[in-house]
Amino acid sequence: MSASALAALCARIEAAARGRNVTLIAVSKTRAAGEIRALAAAGQRAFGENYVQEALAKQRELSDPALEWHMIGPLQSNKCHEVARHFDWLQSLDRAKLIEPLDRARPDDRPPLNVLIEVNLGGEASKSGCRPDEIAGLAARIAAASRLELRGLMAIPAPHPDPAVRRAAFARLRGLFETLRAAHPGIDTLSMGMSDDFELAIEEGATMVRIGTALFGKRNPRPGTRESKGRNGAPEP
Ligand SMILES: *Cc1c(COP(=O)(O)O)cnc(C)c1O
């Protein structure tokens, strides 16, 4: 990765956004701490990781309080404690069971953990995510938790050769986001769009995109996981 790759990507995001603000999350799973440091030196602040242990090792190595960390991978209950203590955002909350342990473990001396509900429209690339009809109930419980801050929705629509099909999925997500915002006017984040489709996602209303490959180049498979097969990686052991 180079500063010019970041600048070129930011220019594409800006062109698609037509004056709206769209936040770039640099997805740094499988990337070394040194690659993150180089991107941070070029001005990138927010990084997304899928695996808690891998992220914590890099956070320790970098020890840079200016960086903002987003957990974007499937979350197991036994990892809630570490996510609440060491991340700024959780983008992949998809079941009620996670809410209480996250709220309890969030340290009082940190701002509330920003939370996105991950929604699965069906037939998605990822097995994770709640059904659309579960969003409202989850949102109410997150909003009631004092150490969590509901910020919006995240999704990983399945890749599809037909851009019209992908666009329709993004538009549906935008609709779900607007419905949720009617009940929770404070939410401001719709996280959708990856390397292959972020411009479409932005055109359909994404406020945050999560990009790995287009920034860092192709990923090497992460040893011992199904990362090479699934876009969302495998759950941690
Ligand atoms: C890996 C991953 C991304 C980035 O994917 P690219 O295609 O490399 O841009 C985005 N979001 C999630 C949840 C991911 O797991």
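**Exercise 1. The ligand shell**

Which residues are the closest to the ligand, and how many residues surround it? Work from the predicted model shown above.

*Solution.* Start by collecting the shell: 14 residues surround the ligand, and the closest are Lys 29, Asn 50, Ser 195, Gly 212 and Thr 213. Next, sort the shell by class, which gives 5 nonpolar, 5 polar and 4 charged residues.

**Exercise 2. Polar contacts and burial**

Find the distances from polar side-chain atoms of Lys 29, Ser 195 and Thr 213 to oxygen atoms of the ligand, then work out what share of the ligand's area the protein buries.

*Solution.* Step one is Lys 29, where a polar side-chain atom sits 2.7 Å from a ligand oxygen. Step two is Ser 195: an N or O atom of its side chain is 2.5 Å from an oxygen atom of the ligand. Step three is Thr 213, with a polar side-chain atom 2.5 Å from a ligand oxygen. Finally, turn to the area: the ligand taken alone exposes 390 Å², and the protein buries 98% of that.

**Exercise 3. Positive phi in loops**

Take Arg 18 and Thr 30. What is the phi of each, where does each lie, and is each buried, partly exposed or exposed?

*Solution.* Keep the background in mind: most residues other than glycine have a negative phi. Arg 18 is not a glycine, yet its phi is positive, at about 45 degrees. Arg 18 belongs to the loop between helix H1 (3-17) and strand E1 (23-27). With a relative accessible area of 72%, Arg 18 is exposed, the cut-off for that label being over 50%.

Now Thr 30: its phi is near 70 degrees, again a positive value in a residue other than glycine. Thr 30 is found in the loop between E1 and helix H2 (33-41). Its relative accessibility is 27%, so Thr 30 counts as partly exposed.

**Exercise 4. Around strand E3**

Describe how the side chains of E3 point, and which strands E3 pairs with.

*Solution.* First, the side chains: in strand E3 (residues 68-71), Glu 68 and His 70 point one way, Trp 69 and Met 71 point the other way, and all are buried.

Second, the pairing with strand E2 (residues 46-49), which is parallel and runs over 4 bridges. Here Gly 48 has His 70 of E3 as its bridge partner. Between E2 and E3 the chain passes through helix H3 (residues 52-62), in a right-handed β-α-β crossover.

Third, strand E4 (residues 89-93) runs parallel to E3, joined by 2 bridges. Met 71 stands opposite Leu 90 in E4. To finish, E3, helix H4 (residues 80-86) and E4 form a right-handed β-α-β unit.

How values were computed:
Residues are numbered from 1 along each chain as its sequence is written. This is a predicted model: local features need pLDDT of at least 70, side-chain atom pairs count only at pLDDT 80 or more; totals for chains, interfaces and linings use all residues. Side-chain values use heavy atoms; hydrogens and water are left out. A residue is near a molecule or strand if one of its heavy atoms lies within 4 Å of it. A polar contact is a pair of N or O atoms within 3.5 Å; within protein, one must be able to donate a hydrogen and the other to accept it, and residues adjacent in sequence count only if both atoms are side-chain atoms. Accessible areas come from the Shrake-Rupley method with a 1.4 Å probe; for residues, only the protein chains shown count as cover. Ala, Val, Leu, Ile, Met, Phe, Trp, Tyr, Cys and Pro count as nonpolar, Asp, Glu, Lys and Arg as charged, and the others, Gly among them, as polar. Buried means under 20% relative accessible area, exposed over 50%, partly exposed in between (1.4 Å probe, protein chains only). Two strands pair if DSSP finds at least two bridges between them. A crossover is right-handed if, with the strands pointing away from the viewer, the path from the first strand over the helix to the second runs clockwise.
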